[in-house]
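I opened the notebook to look up rings, sheets and charges in one structure. The sequence and the structure go here before any entry.

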Amino acid sequence: MFHVKHTDYDIIVVGGGHAGAEASLAAARMGMSTLLITLEKSAISRMSCNPAIGGLAKGHLVCEIDALGGEMAKVIDKTGIQFKMLNRSKGRAVWSPRAQADKIAYPEEMRRCIDSEENLSVLEDCATGVIIKGSIVTGVLTEKNSSISCKSLIITCGTFLNGLIHIGLCHFSGGRLGERGAFGLTKSLAEIGIFSGRLKTGTPPRLKTSSIDFEKTTPQYGDEHPVPFSFQTTHFNPINIPCHITHTNPTTHSVLFNGLDRSPLYTGVIKGIGPRYCPSIEDKIVRFKERNSHQIFLEPEWKDSDETYVNGFATSLPVDIQTKAIHSIPGLDNAEIIRPGYAIEYDYFPSCQLYRTLETKKIECLYIAGQVNGTSGYEEAAALGLIAGINASLKIRGDKPFILNRSEAYIGVLIDDLITKSPDEPYRMFTSSAEYRLLLRFDNADIRLSPKGGEIGLLPKCFSDSSKSKRLISEEAISFINKTHLSPSEANSILSSLSENNIQSGISLFKILCRRNVNFSDIEKYLPSYILNKIKKYPRFDDQIETDVKYDGYINRQIKSINSLRKHEETIIPKNTDYLKISSITKEAREKLSKIRPETLGQASRIPGVSPADVTSLMILLKN
């Protein structure tokens, strides 16, 4: 099990995190003989930090992974211990599913999927270099098994490449606390022209659950009627274990301030840039000095565990400072730290070096995916791993690449942002990043993407056909709702009971459903049984149709915007374009375009430093 069956594979995936799991499963399911190389098989898909899946925009990514045929959604549905829909007080476009995960059960279930995959082998080893012939990758070097050949190689090493862990002013090598780092691969990639940078991330301390006084905290349960992530999940009735909320206070902040002289972050020991939107607690108290308190979530690590994750308290301060600060927080007065918080620096490869397929521009058949792209989060990593696995397989088949645009999926936004903006800090997905978010809701991910998953051979035909049927049913239902009118008395019988203003003339069911307080259930009795029965076949499908009706005007406006920009967006820029010789664009634009080498005019327009005038000049040159 831990030794290669042979020395020649279609695809090798290096790294067994969330990106590596999705990449290797996708490749194997698309018929490729696949090898997953990981330092420790038991650590595959381990949750290094927060024991949760989903969240704002991240939940959308998980549903899109599922719609294409990935595994993350199904695994969390089976192993989650609390499910909650976030942002319900806001518009439906930004509703996002989130689940607390059982940190033990989740990786066990993912490993079961990997073990049962016929075309997938696992090797416990450390990749130390890549083998190339000309400008094409042909294999990988490892510590124990020398060279292993492949047709495509996917790098998904997470935080392990030259990983350096920091606790106070003490630092030591490692990929995670208690796990070794990976060395040699960055140097090997540098030798073939792939440049790297350094990033930093951190994690909070873990506390002994039985040492926490929960009477001083506020319980937070999940939804009474939870929504699963996967469109394939049936008979969904998960447990609902509470999290708890507490807060820091001025005493906590004083303790943390007094420890900054031993902080690796504030003494310059850490060189890598950390995530802007998930800062450490010491970073919070410095950046937001005006705040006297920060919210802390106490999250169970797994079912019946005696270990609690302190969400909101990531830190790399010395253990004595961590302990003193924790003890100043209500409910944690006598809390016992099982594992201290720490920061980790690691190598990453800026994504401006990649095509939208995640293949590197310099070396053919070499793909990079996951946290090594400069992302943060399990969900972003899994999405990138899936796309890399799909495209590496399609290339071997000789099929056209699989590319998602910004208007098609959050995954498309993620990849486009990574390539064009080439962030120098860990990238995090937000709903605000997607300009077409009304079209890219979590609830319609299957309708949007499952036909594509079926076409590439990753999603079983029954599910891709089901998504096509849902689209037709939705169109039929909305057409009927639009054409069917009620008399004033019929309409007012609905509206008056829902605190809506009465009407004086006939009105369509469509316009009634557009009212704020009207739900699909209020008008469904007017639908013929042949339509209603089709809708009821699918869980929560009536909610999706209701959303499409309520936001119809905005959705149509976004569709028109996409169509008007499509030609501009998809105009291909030749790979050999010499931007330095284009005198009609600014010097900054020439430099940025030469570095990133966008594939399309749309990509070029989103590169910081490239102005609309520069894009117009490029457009004219391309026409000529």
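My entries follow, by topic.

**Ground rules**

I am working from a predicted model, where local features need pLDDT of at least 70, side-chain atom pairs count only at pLDDT 80 or more, and totals for chains, interfaces and linings use all residues. Residues are numbered from 1 along each chain as its sequence is written, and side-chain values use heavy atoms, with hydrogens and water left out.

**Aromatic rings**

I searched the whole structure for aromatic pairs and got 4. Rings of Phe, Tyr and Trp (its six-membered ring) pair if their centres lie within 6.5 Å; planes under 30 degrees apart are stacked, over 60 edge-to-face, and the rest tilted.

I looked up Phe83 and Phe229, a tilted pair with 6.3 Å from centre to centre and 55° between the planes. Phe83 is in strand E4 (residues 80-86) and Phe229 is in the loop between strand E14 (218-220) and strand E15 (243-247), so the pair ties together parts 146 residues apart in sequence. I took helices (H or I, at least four residues) and strands (E, at least two) as DSSP runs, numbered from the N terminus. Phe83 and Phe229 are both buried, which here means under 20% relative accessible area, with exposed over 50% and partly exposed in between (1.4 Å probe, protein chains only). Together with Phe236 they form one aromatic cluster.

Next I checked Tyr538 and Phe541: the ring centres are 5.7 Å apart and the planes at 80°, so this pair is edge-to-face. Tyr538 and Phe541 are buried.

I also looked for charges over rings (NZ of Lys or CZ of Arg within 6 Å of the ring centre and within 35 degrees of the ring normal). The charged end of Lys470 sits over the ring of Phe541, at 5.1 Å from its centre. Arg88 lies over the face of Trp95, 4.9 Å from the ring centre.

**Sheets**

I traced an open sheet of 4 strands in the order E11-E10-E19-E12, with antiparallel pairing. Its edge strands, E11 (170-173) and E12 (197-203), each pair on one side only. Two strands pair if DSSP finds at least two bridges between them. Strand E10 (residues 164-167) has 4 bridges to E11, and His166 stands opposite His171 in E11.

I found another open sheet, of 3 strands, in the order E3-E5-E4, also with antiparallel pairing. E3 (52-54) and E4 are the edge strands. E3 and strand E5 (residues 96-101) share 3 bridges, and the bridge partner of Ala52 in E5 is Gln100.

**Salt bridges**

Which side chains pair by charge? Side chains of opposite charge can pair when their charged atoms come close. I counted 45 salt bridges (a side-chain nitrogen of Lys or Arg within 4 Å of a carboxyl oxygen of Asp or Glu).

Glu179 and Arg46 meet at 2.6 Å, N to O. They are 133 residues apart, with Glu179 in the loop between E11 and helix H5 (185-191) and Arg46 in the loop between strand E2 (34-38) and E3. Glu179 is buried at 14% relative accessibility, whereas Arg46 is partly exposed at 27%.

Glu380 and Lys58 form a salt bridge at 2.8 Å, N to O. Glu380 is in helix H9 (residues 378-397) and Lys58 in helix H2 (residues 58-68), so this pair ties together parts 322 residues apart in sequence. Glu380 and Lys58 are buried.

Last, I noted a network of salt bridges that links Arg406, Asp416, Asp417, Lys421, Glu435, Glu569 and Arg606.
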